[in-house]
Structures are given as C-alpha cells and as structure tokens.
Amino acid sequence: MPTRTRFTTWRPLATAAVTLLLAAFLTPATASAAGTARTRESQPRYSYTDAVREAVWVDTGLDGDGDGRTDRVAVDIVRPREPAAQGRKVPVIMDASPYYSCCGRGNESQKKTYDADGHVVQMPLFYDNYFVPRGYAVVGVDLAGTNRSDGCVDVGGRSDVLSAKAVVDWLNGRARAYTTRTGTERARATWTDGRTGMIGKSWDGTIANGVAATGVRGLRTVVPISAISSWYDYYFQQGAPLYDSGPEWLSDYVDSPEARARCAAVQQRLVDDAPRTGDLTALWAERDYVKDAAKVRASVFLVHGMQDLNVRTKHLGQWWDALADHGVRRKIWLSQTGHVDPFDFRRAAWVDTLHRWFDHELLGYDNGIDREPMADVERHPDQWVTSATWPPRGTTATTLRPAPGGEPGVGTLGLRRTPGTETFTDDPALDETDWAAHLDRSTPEKAGFLTAPLTRDLRLAGSPSVTVTATPTTATAHLSAVLVDVGPDTIRDYAASGEGITTLTDRTCWGASTPGDSACFKEAAAKTVDVGATVVSRGWADLGTSADPGHGVPLTPGRAYTLTVDLAATDHVVPKGHRLALVVAGTDRDLIDPPADRPTLTLDLARTSARVPLVGGPAAFARATSGKQQAAPVAPRGVAGPRTAPRVP
C-alpha cells in the first residue's frame, strides 16, 4: 500500500523543532497516485491545543465491590472544540483499558497524566493526537477497579465488559454519567452522534471483543489487536494449563490500591471458580465471547501476530471463524511478530489504514476500503501480501497422515493411511524448538513426520487440528502437536525480548502535540534471525479431556485414547525445497505446564492425522510432494526456546 507523506522524523536532540513539525503536519497530506481514487478523507482541521479535555463518571448499574452503591467508571475525553460550537456532533474512538495507571500503554508504556483540575493531559498512544484534529473524540475508559474507577476487576467478566458497555450506552443517551466520582451533577454527551469505534491491544482489545459480543447499539466497529476471544483459552488449552497462576493474579496486578482493599470477595471467586484442574466452569462460560458471536453488530478489523505466545492465535482463529459464520463484516492483518502492536511493525501503513477504516465506519466516507482485499499477511519481515478473502478461496481442510520411517520417531507425512506405531516419552526440559532442530534424528522425546521435499510452494491458511490416538503409561499426560516448516529462512525473532522488533531512538510524529502530550514516538525496526526450521502452528491438550472437553479425568495406563488437538490459526507458505513436518510430543517447555507424571505414549498411526487448511486442498499437496526435489537440510538453528510466557495480556 502506498505511504503518503503525513509524518516527519524527530530526533531526540531536536526538541526545539516540534512546533515546526506540527505546522508541517497540519498541512493536508499530498495524495499519492493511488490515493486520488479515494473520494473523501477527514483532514486535520481542528485545533488539538484548544481541544476540550474533560472527565465524567459513568454509572455501570453494577455493584461489583459490594459497597451498596452502583459503580462509576472514569471516562477521560479529548474532543475538538469547534464542532460543538458549530452545532455539529462527532463520533468516538474509545480505548477501555485496565492499564492506564498501573502499567502503561504502547511500546513506551505511557500512562494517563492529569492537570490540577483532574482533566487528562497525556492520553496514551497516538489516537487523540491524530484523530481529534480530524473531527473525532477520543475516549479513554478506566475499567472498573482500575485508576479512578469504582468496582473490581473481574478479568473479562461482567464487570470488565459491562463497565465499558455502559460508556457506549452513555454516548448514545441510554446511561447516566456524572461530573464527579461521587456527586449528583449529571453529564450528558450532547457533543457526539453516538457512533463509536473501540480499539485496543491485548486486554483492551479483549474488552472490545466482549462489548461487541453484547450486541450494544451504537458500537459501529471494533479493532482488536492481539486480543483474547475466550479467557479459558488464555489460561488453558483443552485442559492443559498454560500458566502457573489463574485470573486472580492478573486482577491483583491491575487493581487500584483502593480496589485491592475492597475487592477480596471478587478475588476469592476468581480462585474458587477457576480451578487449576482446567475444568470448564460457569466463570469461563461468562468470559467466552465466541459463543455470542451471533450478537455482534459491529464490523471487526482484527490484527494479530502469528507468533504471539502470549495471546496465542487460537483466539484469533476461533473468533474469526465464528464471526464469519454469522456474516460479520471483517478485515484482518497477520504479522510475523509476537505480541506487538502494528504501530511498531508497520507504522505508516497502519496509520493510513486505520484512518481510512474509521473514516468509513464512523464518518460514512466512501473511500473504497470496504472493496479492498480482506487480508494483509506478512510473508517475510516487512514484506506483505494481500488476499481478497481470508482464508483464500480454494482453501480446503486436507487430511495428512503420518507413517513409520526408517528409524524410530522419524516418519513420513502424506495422504495415505498407514498402520504402525511410534513411541515417545515426555521430557519437560525440552520445547518445540528442540524438536524442530532434531526432526531428522531419532530422539526419545518426540515423534516427527516429514513430507517429501516440496516441488512447489504450499500455502497453509486457517486453523489446523491434529487427531491422535495415544496409549499412555501413566494416569496423567499432556500432548503437544506442532506443524513445522523445515528449511532455511530469515524470520522475525519472535522469541527475543522485542518479539520481532527492535526499538530505535529516532522518533516519528503522528498528529499534533501539546507540551504534555507529544505525538512523536520511537520508531521500531524488524529484528530478524536466520533459522533452519520455523514452527508454523501449535496446540496442546490434556489427554484426560478426550471423553469430555470440559472435564479431565485420570487415565488408565495401557488404554488407548483418541483426542483432537486444536492448533493455532496461521497463514504460511512452505517454499519449494522445504518440507512440512508434524511433531507430536509431550510438554512444550514454557508454553504449557507439565503433567503430574512423566508418561511414555504410543501413537497408533493409522488413527492419527493432521487436518490442515491448504490452498488448493489435497490436489495442491499431491502436486507439491510429487517428483524429485533436493531437500533443504534440517539445521539446528532457530529462535531461542520460548521465554517464560508473559502472564499479562
């Protein structure tokens, strides 16, 4: 996508130039040749310096902290002054977050700051700097129990979601707000037309998903970035624990000091109703937005890193598929990064696209974005391709079957069912990168199966699954299933601290600034690594959930169990000369917790298979694996092993 000249570079020592930069920025952007076809675009016509900055407290109708009064959530507003004076109303871009005071937002961990009157001075991120001059209001909501709000954090439950939904209701005249936290003077949103778009990364984007799943009127679009779609799947996958703690830790982490003192009962419910057994309970059902996808009225623009090991792409895949089933209008960006905001991996294109998306969805401008390709996918670092639809037309779930090879644990992968067995022993000290580096060797901790070297490219797009029939030697067992692209490549180093980016010292400016709120942010560049194999998709499960996905039971040693493991959504091309591999193993170190025992498992290969969404389906697989092609070697190079996964979405 062409980048228009709407930003300038600002270096740390050039602070005196900010005023000149802002003047240059506020000049309407020069349209590129491709941009001339865009019929309308909001322009920076309004003063950011003179913008109205105010705070209101919206009544949620809940009493989460049990003090006998309904909770009020703090809402900080930055909006252009001129439209109200001209009798015109503006739409709203809203980010509801638990992080505005405890932890900060964005790559620079910005927090809200306030003046002596309690009005917001710095609103984190670039949204207010960029969009307020273009005729939008930007609203930052402190979720219940955080910063200046009443109530308690309940980690994706009714309090989290309904405290944000109440703000959408207030913006549309259906809820009450007050000018102070405890007073009686009403505040009315007479300055807005009620059309609201929610945006946010991680927990913030999760709340956008949750509010959309209520079907609230007035919410026109949501832009969830690296967001959760079901909180059970954040803490567990099919009974296998992903972290060594539950939601009570996260609640305590973001609670305001006052909330910690009054929310002990909520904290205890988060412990009692979210057992570490991995059982599905009513608490998790309340926090499952996928089941309510039919209620979504808003359009959805999803962004996710395909190597996100914090909010894993299972969240993306199941939410996307459910929205598609119910005809929700959708757009998607998929990067090679981990848990990273697009502002830090594709900044110019992101600001341009987000601007046009909000202009279309909230202002009603016919700018053609709804007729552009549905998906943007990062194929190599900073190299993007598009798809008219996603998954692409012609994508078909293709059943691939493992078969024994010339030595134990090194088999083949093809279309034909073959009898045989493979055996491996869980080793909690190893992870998926260890397995991938030794696919051509017999090792005791994994069973690996490889295709023939590909004679043409093979594209996977969507959510795979792996069905295994396994016989354990112990009463507990966890399974990992991993798809691997075997061959040399240069990828984003998603396992490094930046999860695929390096933060630079130079800054670029995206909007107008004030002395207390700069529009200039540190740039970032791709951090890459040369690898010999790339994990494409992964999934985990407790074998004890084979009979009931909501409740694990002890296994009977020596008995065979059949279980389908859901793998994370992906879009990946395995190039000609590479091989596609399936690995089945036990504990994936630092990505799931080990079981109580250390089992040996025997796979029945005739009853084990991978269901892989391939563009072109079985015919494409057959063509890509026919003929002779020299194989790229399996090399013991790759990203570092997964770091202990963050527990903060």
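Hi everyone, let's start at Gly173: this glycine follows helix 4 and has a positive phi, near 80°. Helices here are DSSP runs of H or I with at least four residues, strands are E runs of at least two, and both are numbered from the N terminus. Before going on, this is a predicted model, where local features need pLDDT of at least 70, side-chain atom pairs count only at pLDDT 80 or more, and totals for chains, interfaces and linings use all residues. Residues are numbered from 1 along each chain as its sequence is written, and side-chain values use heavy atoms, leaving out hydrogens and water.

Helix 4 is mostly covered, with 11 of its 14 residues buried, meaning under 20% relative accessible area with a 1.4 Å probe, protein chains only. Among them are Ala164, Val167, Val168 and Trp170.

Now the core. A nonpolar core is a set of buried Ala, Val, Leu, Ile, Met, Phe, Trp, Tyr and Cys residues joined through side-chain atoms within 4.5 Å. The largest has 98 residues, and Met94 and Trp170 are among those with the most contacts inside it. Helix 4 gives the most to this core, 7 residues.

Methods. Buried means under 20% relative accessible area, exposed over 50%, partly exposed in between (1.4 Å probe, protein chains only).
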